[in-house]
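Here is a short briefing on one structure. Look over the sequence and the model before reading on.

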Amino acid sequence: QVQLVESGGGLVQPGGSLRLSCAASGSIFSINAMGWYRQAPGKQRELVATITSGSSTNYADSVKGRFTISRDNAKNTVYLQMNSLKPEDTAVYYCNADIYTKLLRMGRYWGQGTQVTVSS
């Protein structure tokens, strides 16, 4: 069994910052790519950022220069530092990870989501 647990969401004013964390636990052998997605009300889930096991990163154009994804492989944790937040960043943020379990089965796992609201 593998679980991803997110934390760090909340309410922030425009221009503010938040840091999201997502920790993977359970029967993990190794973790390949990890990422963050978001879903705003009435919209489809969209990619925010991804990071490979070698720490190569990829960002949506809408967050480039404002968000930074990173990971701590020793802690099986991925982070999303969000700066200069805008009202249009308001969404539920989900992390995911491509994980080999100790039974050497690959699967994509998702967290439960954390709400980020940017409003004055």
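Is Gly54 buried or exposed? Gly54 is exposed, because its relative accessibility is 60% and the cut-off for exposed is over 50%. The model is predicted.

**Gly54 and its loop**
- Gly54 lies in the loop that links strand S5 (46-51) and strand S6 (57-59).
- Arg38 is 16 residues from Gly54 in sequence. In space, the two C-alpha atoms are 23 Å apart.

**The four-stranded sheet**
- Four strands form an open sheet in the order S1-S3-S8-S7. Their pairing is antiparallel.
- S1 and S7 are the edge strands. Each has a single partner strand, so one side of each lacks a neighbour in the sheet.
- On average, neighbouring strands of this sheet are turned by 15 degrees against each other, direction ignored.

**Strand S1 and its partner**
- S1 covers residues 2-7 and S3 covers residues 18-26. Six bridges join these antiparallel strands.
- Val2 stands opposite Gly26 of S3. Gln3 has Ser25 of S3 as its bridge partner.
- In a regular strand, side chains alternate between the two faces of the sheet.
- The covered face of S1 holds Val2, Leu4 and Glu6. The uncovered face holds Gln3, Val5 and Ser7.

**The nonpolar core**
- The largest nonpolar core contains 31 residues. Trp36, Leu80, Met82 and Tyr93 have the most contacts inside it.
- At least two residues of this core come from each of several strands, including S1, S3, strand S4 (28-39), S5 and strand S8 (77-82).
- S9 supplies the largest share of this core, with five residues.

Conventions
Residues are numbered from 1 along each chain as its sequence is written. This is a predicted model: local features need pLDDT of at least 70, side-chain atom pairs count only at pLDDT 80 or more; totals for chains, interfaces and linings use all residues. Side-chain values use heavy atoms; hydrogens and water are left out. Buried means under 20% relative accessible area, exposed over 50%, partly exposed in between (1.4 Å probe, protein chains only). Two strands pair if DSSP finds at least two bridges between them. A nonpolar core is a set of buried Ala, Val, Leu, Ile, Met, Phe, Trp, Tyr and Cys residues joined through side-chain atoms within 4.5 Å. Axes are lines fitted to C-alpha atoms, for helices over the stretch in contact, and angles run from 0 to 180 degrees between N-to-C directions.
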